[in-house]
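User: Can you walk me through this one? I'd like the helix packing, the sheet and the ligand site.

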Amino acid sequence: MRTVDIIHKKRNGEALSREEIDFLIAGYVQGDIPDYQVSAWAMAVYFQGMSARETADLTMAMTRSGDQVDLSGIPGLKVDKHSTGGVGDTTTLIVAPLVAAAGVPVAKMSGRGLGHTGGTVDKLEAIPGFAVERTKEQFLQQVRDIGLAVVGQSGNMTPADKKLYGLRDVTATVDSVPLIASSIMSKKIASGADRIVLDVKTGRGAFMKTLDDSIVLAQAMVDIGTEIGRDTLAVITNMDEPLGPSIGNALEVLEAIETLRGEGPAELTELCLVLAAHMIVLGGQASSFAEAKDTVERLLHSGAALEKLRQFIAVQGGDAAVVDEPQRLPQAAYRVAVPAPQDGYVARIDAESLGVTAMMLGAGRATKEDRIDLAVGIKLFKRVGDRVKAGEPIAELYMNRSEPEETRRMSERTVSAFAFSEAPVDRLKLIYAVVT
Ligand code: URA
Ligand code: CA
């Protein structure tokens with residue numbers, strides 16, 4: 001087989017065979033096929049697309065390129081959840097205990113934050129003592145014991161995706177549906193998921209800016225799941241404003257605790273209940289979405305999910321008392337109110353821009369090596385559609401540095417993430433569609 005023939009075939013819009021896709025991916029990872037040929041192939045895929053079968057073959061070739069987690073020793077269907085990237089998106093910390101409390105085992109590998117998006121592993125590290133590194137045996141034993149473990153990614157998972165993603169980033173081939181879909185799904189499958197629930201974000205703060213494009217991406221991922229026998233469902237949700245009001249690691253842990261107490265923000269609570277209910281149906285612990293939704297609402301209000309969070313924190317070495325005494329979480333030294341510049345209605349809140357501001361405050365990393373400050377971040381007081389009066393606080397900055405110049409710049413950045421309108425503005429819809 002020759003790489004040039006594979007590129008030629010895809011350039012002309014023909015479907016590649018499984019053998020051709022395996023040859024290309026294996027050769028690329030081994031270093032036998034150079035970047036320039038894979039770049040040309042990626043561009044051909046960008047213009048010609050891939051069939052559902054080709055996309056599934058590409059996914060499995062990438063899954064097999066490195067280590068795979070074997071969860072078969074844990075009884076029951078293992079259901080994973082993935083969000084395509086959000087700001088103020090603390091759903092995993094809420095959904096995982098809810099689903100585990102319903103009897104569906106959660107064995108999750110999560111990442112750290114990079115750029116404007118946060119990562120679950122960083123948020124968990126805001127809990128004093130919490131260890132995100134476990135041996136494989138500890139990880140599996142913990143899931144058997146309490147039904148829930150969340151650890152950092154370890155080992156050599158999906159090296160093909162890492163290498164290909166780096167190449168796509170510099171060859172203008174990131175925003176190709178088959179390439180995004182296979183990238184995301186290969187990582188979920190390598191981490192052992194039998195069933196997958198996807199939260200596909202749409203809007204200004206998301207990869208896919210329009211609802212139509214988001215549905216196409218969601219359908220591509222659901223089709224991969226169907227092709228390979230791992231049932232996948234996607235919920236398309238809004239990213240035209242941050243999901244929850246807190247952006248920052250300790251702030252988001254606090255928000256997760258409040259939500260599991262039944263005192264969380266309405267939109268975040270609703271999305272977590274919906275995602276958890278879908279996971280429980282896919283995990284075989286409910287026969288309908290309505291039944292599963294009742295179950296998760298009960299587990300939320302009875303405190304059972306909060307108890308699961310306590311247990312989970314304690315088993316991973318963390319201070320479970322944070323659940324009842326959140327002041328034990330890292331606290332910022334300064335809080336700075338950000339006033340509304342005018343009267344009116346909130347018309348838009350740029351989630352990505354606020355994610356960058358939180359990163360600049362120290363809550364996130366510009367590069368992989370940066371150290372982060374777990375206490376700092378932004379708390380929003382308004383959502384799209386809310387009425388504001390000039391001078392009223394719309395947000396609060398949590399800071400550990402107090403230079404006036406930085407404070408002024410960060411306040412200005414925060415204000416400019418908001419757009420205001422004199423006329424009333426409709427609230428945004430949270431969930432647009434479910435793709436199965
Ligand atoms: N997230 C991924 O993991 N891969 C992509 O290609 C895009 C978003
Ligand atoms: Ca299906």
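Helix packing, sheet and ligand site

Analyst: H15 crosses H16 in a left-handed manner (left-handed if the near helix is turned anticlockwise from the far one by less than a right angle, right-handed if clockwise). Helices here are DSSP runs of H or I with at least four residues, strands are runs of E with at least two, and both are numbered from the N terminus. This is a predicted model, where local features need pLDDT of at least 70 and side-chain atom pairs count only at pLDDT 80 or more, while totals for chains, interfaces and linings use all residues. Residues are numbered from 1 along each chain as its sequence is written, and chains are lettered from A and ligands numbered from 1 in the order in which they are written.

User: At what angle do the axes of H15 and H16 cross?

Analyst: Roughly 165°, and the axes of H15 (residues 351-363) and H16 (residues 404-416) come within 9 Å. Axes are lines fitted to C-alpha atoms, for helices over the stretch in contact, and angles run from 0 to 180 degrees between N-to-C directions. H15 is therefore roughly antiparallel to H16 (under 35 degrees is roughly parallel, over 145 roughly antiparallel, 65 to 115 roughly perpendicular, the rest oblique).

User: Which residues of H15 and H16 make the contact?

Analyst: Ser353, Leu354, Thr357, Met360 and Leu361 from H15, with Met410, Arg413 and Thr414 from H16. Contact means C-beta atoms, placed from the backbone, within 7 Å. By class there are 4 nonpolar, 3 polar and 1 charged. Ala, Val, Leu, Ile, Met, Phe, Trp, Tyr, Cys and Pro count as nonpolar, Asp, Glu, Lys and Arg as charged, and the others, Gly among them, as polar.

User: And how do H4 and H10 cross?

Analyst: H4 (residues 52-63) and H10 (residues 211-228) cross at roughly 75°, with axes within 9 Å, so they are roughly perpendicular. Ala52, Arg53, Thr55, Ala56, Thr59 and Met60 of H4 meet Ala220, Asp223, Ile224, Glu227 and Ile228 of H10. That contact has 6 nonpolar, 2 polar and 3 charged residues.

User: Switching to the sheet. What is the strand order?

Analyst: S10-S8-S12, an open sheet of 3 strands with antiparallel pairing. S10 (387-388) and S12 (418-421) each have a single partner strand, so each has one side without a neighbour in the sheet. Strands pair if DSSP finds at least two bridges between them; S8 (residues 344-349) and S10 are joined by 2. Gly344 stands opposite Val388 in S10.

User: Last one: which residues are around ligand 1?

Analyst: Tyr165, Val174, Leu179, Ile180, Ser183, Ile184 and Phe207, counting a residue if its C-beta atom, placed from the backbone, lies within 6 Å. Helix H9 (residues 177-190) supplies the largest share, 4 residues. The shell has 6 nonpolar residues, 1 polar and no charged.

Key
Contact = placed C-beta atoms within 7 Å.
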